[in-house]
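Here is a colleague's note to read with the model open beside you. Each numbered point takes up one topic and can be followed residue by residue.

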Number of protein chains: 2
Amino acid sequence: MDQENSSTFTHQISARIRLVTVPNNDIPHLHKLITQMANYHNLTEYLTVTETSLSNTLFKSPPFHSFTALILEVSPNPFPITPHKDLSFNPIIKNNFNLKASMLDPQSNTFRSENDVYVAGHVLVFPSYNGFFEKPGLNMDQIFVRKCYRGLGFGKMLFSAVASVAAKMGMGMVDWVVADWNGESIKFYEKMGAYYVSDYRLYKLYGEKLQQCANISG
Amino acid sequence: MDQENSSTFTHQISARIRLVTVPNNDIPHLHKLITQMANYHNLTEYLTVTETSLSNTLFKSPPFHSFTALILEVSPNPFPITPHKDLSFNPIIKNNFNLKASMLDPQSNTFRSENDVYVAGHVLVFPSYNGFFEKPGLNMDQIFVRKCYRGLGFGKMLFSAVASVAAKMGMGMVDWVVADWNGESIKFYEKMGAYYVSDYRLYKLYGEKLQQCANISG
């Protein structure tokens, strides 16, 4: 283990969820998180996202009106609870999670965002629509917590942050897909009250077939 | 059959797909189409959409940057092929479909949009995002053709219009869900080259459970 690239949390850990607002240091971190998630899903061969594509897609509209990313940060020190400049999303802070045992972040240097603050996870969301309903929804495209930070309640913190945004924006639902082999996530979502829509199949048209189909319209 | 509320097409039928642009006469038609689709899916008990909610959600951004509706119109007369004022979507016109037999629209009065022009179907789309990919996608939330106009190729015309929008906007995919009992649609989509993403489950959080989960974040 490279000492310089790892941090140990001994008794407590604090967490903050904040908006990824403008192209900044977050983008490389977000790209690395997405890559780790693709790796977890065994989908790296399909990965085409780049730091540039993230910068180009995430900041085209006010937060939550189009593709939007929230990032989870952790620190051994409490996060200051101060009014935030960006009123579109007030950072969610939970200071002083108690740790049962000390824990090590082997990639803390890679994911350092400030002094003693480390990026630990993310969610990607965008507005969704079901024409049968009065209110739009919020689609949760990705939710991810880095391996060393799992089991502490950070997934629940991210998921409830998404639910909170949806509720505050007057949206009627949060919707998402989950891999059918991911029993742990499924158990978590069902515990949170999510409803499994079992009778629908997911379809996609892409690549050459998309172009062929587009050509029918001329 | 009420003579005043029905039209007969004898030899030919023409079709046009155009944008539902500003709150106008389209909204009542669109609401009726959505209601017919819900009825087809046996989901009317979940239907909460209103004409007002459609007006409020469909026109909040430039077309295809948020929730957007396209409408299919038919007429016994050819549609004039003239440059359209709204450059964000050039109407797609296919004049003179040949009919094998004469056909009757029993609700032509209800769905009349102009003299001898009748609303026959719709699609609802919005931008979607998969963080693994470089390019955003276009989600097709609803696609519907009124019963009397099925089997003539209008579904294909609507679907390829969506593919065309996605391709022209530089999007990487069209994605949607289909009810697993809807074998005819599934066959159609697979013929068009769509890929069935079999290993994902669709989840939703809504109602009281959404609020409970939102409250965790405070």
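1. A salt bridge, as the term is used in this note, is a side-chain nitrogen of Lys or Arg within 4 Å of a carboxyl oxygen of Asp or Glu. Please keep in mind throughout that this is a predicted model. With that said, the side chains of Arg18(A) and Glu73(A) meet in a salt bridge, with 2.9 Å from N to O. Arg18(A) belongs to strand β2 (residues 12–19) of chain A and Glu73(A) to strand β3 (residues 68–75) of chain A, so the pair ties together parts that are 55 residues apart in sequence. Both Arg18(A) and Glu73(A) are buried.

2. Over all chains, the structure holds 10 salt bridges.

3. In chain B, Arg16(B) forms a salt bridge with Glu114(B), and their closest N and O atoms are 3.1 Å apart. This pair links distant parts of the chain, since Arg16(B) is in strand β2 (residues 12–19) of chain B and Glu114(B) is in strand β6 (residues 112–114) of chain B, 98 residues apart. Are the two partners buried or partly exposed? Arg16(B) has a relative accessible area of 12% and is therefore buried, as the cut-off for that word is under 20%, whereas Glu114(B), at 42%, counts as partly exposed.

4. A further salt bridge of chain B joins the side chains of Arg18(B) and Asp26(B), at 2.8 Å from N to O. Here Arg18(B) counts as buried at 14% relative accessibility, and Asp26(B) is buried with a relative accessible area of 3%.

5. How are the two chains related? Chain A is superposed on chain B by a rotation of 180 degrees with 0.0 Å of shift along its axis, and the RMSD is 0.0 Å. That is the relation of a two-fold axis. The same surface serves both copies, in that 100% of the contact residues of chain A recur in chain B.

6. Where the chains meet, 75 residues of chain A are in contact with 75 residues of chain B. Between them the two chains bury about 7,000 Å², and 63% of this is on carbon and sulfur atoms. Tyr129(A), Phe132(A) and Tyr203(A) supply 14% of the area that chain A buries against chain B, which is more than any other three residues supply.

7. How many salt bridges and polar contacts run between chain A and chain B? The count is 0 salt bridges, while 28 residue pairs are in polar contact, both residues being at pLDDT 80 or more. Helix α3 (residues 154–168) of chain A gives the most to the side of chain A that touches chain B, with 10 residues.

8. In helix α2 (residues 51–58) of chain B, the residues Ser53(B), Leu54(B), Thr57(B) and Leu58(B) are buried. Seen down the axis of α2(B), its buried residues fall within an arc of 110 degrees, so they line one face of the helix. Among the elements that cover the buried residues of α2(B) are α1 (26–40), β3 (68–75) and β7 (117–128) of chain B.

9. In helix α5 (residues 207–217) of chain A, the buried residues include Leu210(A), Cys213(A), Ala214(A) and Ser217(A). They cover an arc of only 105 degrees around the axis, which puts them on the same side of α5(A). The cover over the buried residues of α5(A) includes β11 (200–206) of chain A, together with β4 (92–98), α3 and β9 (173–179) of chain B.

10. Some backbone angles deserve a check. Most residues other than glycine have a negative phi. Phe64(B), however, has a positive phi, near 75 degrees; Phe64(B) is found in the loop between α2 and β3 of chain B and counts as buried at 4% relative accessibility. Asn96(B) also has a positive phi, near 65 degrees; Asn96(B) is placed in strand β4 of chain B and is partly exposed, with a relative accessible area of 34%.

Methods:
Residues are numbered from 1 along each chain as its sequence is written. Chains are lettered from A and ligands numbered from 1 in the order in which they are written. This is a predicted model: local features need pLDDT of at least 70, side-chain atom pairs count only at pLDDT 80 or more; totals for chains, interfaces and linings use all residues. Side-chain values use heavy atoms; hydrogens and water are left out. Helices (H or I, at least four residues) and strands (E, at least two) are DSSP runs, numbered from the N terminus. Buried means under 20% relative accessible area, exposed over 50%, partly exposed in between (1.4 Å probe, protein chains only). Copies are superposed by least squares on the C-alpha atoms of residues with pLDDT of at least 70 in both. Contact means heavy atoms within 4.5 Å. The arc is that of the directions from the helix axis to the C-beta atoms. Buried area is the accessible area (1.4 Å probe) that two parts lose on being put together, summed over both. A polar contact is a pair of N or O atoms within 3.5 Å; within protein, one must be able to donate a hydrogen and the other to accept it, and residues adjacent in sequence count only if both atoms are side-chain atoms.
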